[in-house]
Amino acid sequence: MPRGKRRHAIDMRPSEEDQQSTKRQRNSYQSSRRYSKSEDAFSQKRCLTWFREYTTPDDPDTLGPEGMEKFCEDIGVEPENVAMLVLAYKMGAKQMGFFTQSEWLKGLTDLQCDTASKVQCKLEYLRSMLNDPNSFKIIYRYAYDFARDKDQRSMDIETAKAMLQLLLGKHWPLYAQFAQFLEQSKYKVINKDQWCNILEFSRTISNDLTNYDVDGACEYIHTIFPRCAWLIAELMEINFQGP
């Protein structure tokens, strides 16, 4: 190779300083990727630290009503949002308004969430669970024991109406009439058989009541709600009356 060209080729090679700079940039990029992956991966330690933000020194293992309100604010939902009920179900929470540390870790480990933003990304998934009939039935039944006063075997009527509105209000076209029936009835509580049969009634009876048979498969609604007969009569009159 001619001397001049050889000298030119040597001059084109990166300097040692440039090589070190490139190496530092590569190491920084790889470190950044590792850090990003670490942030994305679920961390039980981070999940537990987050839980402590909502508890008090007096009871560090239980997230109570005040902590629940702050938690809901952080994830951007109201406490009465149905997603909160499904989240409580995923945690296996036993009492409305409270999450224990073990319940928190169980549910959020399952969802792989250790930050508010990760839970926000799961809210639509939680709501979508109610679109599956089997999942809906399981969560509906769970809601009874979750919401009732643990000192009582039955659920008080006001809590029942609120929970029925949450679960059936948008899914059962006849819910408004049934809610009116509960409002005007003298029931003070609803037991678990009644609770479960409300769902079965909403699923079994067609919206126009054409398949309603008091002596047939729907007899349980009269057995469970003896004073419900007038509701059925009223609904049938509404649906079958002439112009």
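This is a predicted model: local features need pLDDT of at least 70, side-chain atom pairs count only at pLDDT 80 or more; totals for chains, interfaces and linings use all residues.
Trainee: Let's start with Asp61. Where is the place of Asp61?

Mentor: Asp61 sits in the loop between α3 and β1.

Trainee: Why does Asp61 count as partly exposed?

Mentor: Its relative accessibility is 41%. Buried means under 20% and exposed over 50%, with partly exposed in between, so Asp61 at 41% counts as partly exposed.

Trainee: What makes the link between the side chains of Asp61 and Arg52 a polar contact?

Mentor: The two side chains are joined at 3.4 Å, and the cut-off for such a pair of N or O atoms is within 3.5 Å. Arg52 is also among the residues that Asp61 contacts once neighbours within four places in sequence are left aside, including Phe51 and Phe99 as well.

Trainee: On to helix α3, then. Which residues of α3 are buried?

Mentor: Cys47, Trp50 and Phe51, in a helix that covers residues 44-52.

Trainee: Why do you say they line one face of the helix?

Mentor: Looking down the axis of α3, the buried residues fall within an arc of 105°, so one face is what they line. They pack against β1, α4, β2, α6 and α7.

Trainee: And α10, which residues are buried there?

Mentor: Tyr175, Gln177, Phe178, Phe181 and Leu182. Down the axis of α10 they fall within an arc of 165°, so they line one face of that helix too.

Trainee: What is exposed on the other side of α10?

Mentor: Ala176, Glu183 and Gln184 are exposed there.

How values were computed
Residues are numbered from 1 along each chain as its sequence is written. Side-chain values use heavy atoms; hydrogens and water are left out. Buried means under 20% relative accessible area, exposed over 50%, partly exposed in between (1.4 Å probe, protein chains only). Helices (H or I, at least four residues) and strands (E, at least two) are DSSP runs, numbered from the N terminus. The arc is that of the directions from the helix axis to the C-beta atoms. Contact means heavy atoms within 4.5 Å. A polar contact is a pair of N or O atoms within 3.5 Å; within protein, one must be able to donate a hydrogen and the other to accept it, and residues adjacent in sequence count only if both atoms are side-chain atoms.
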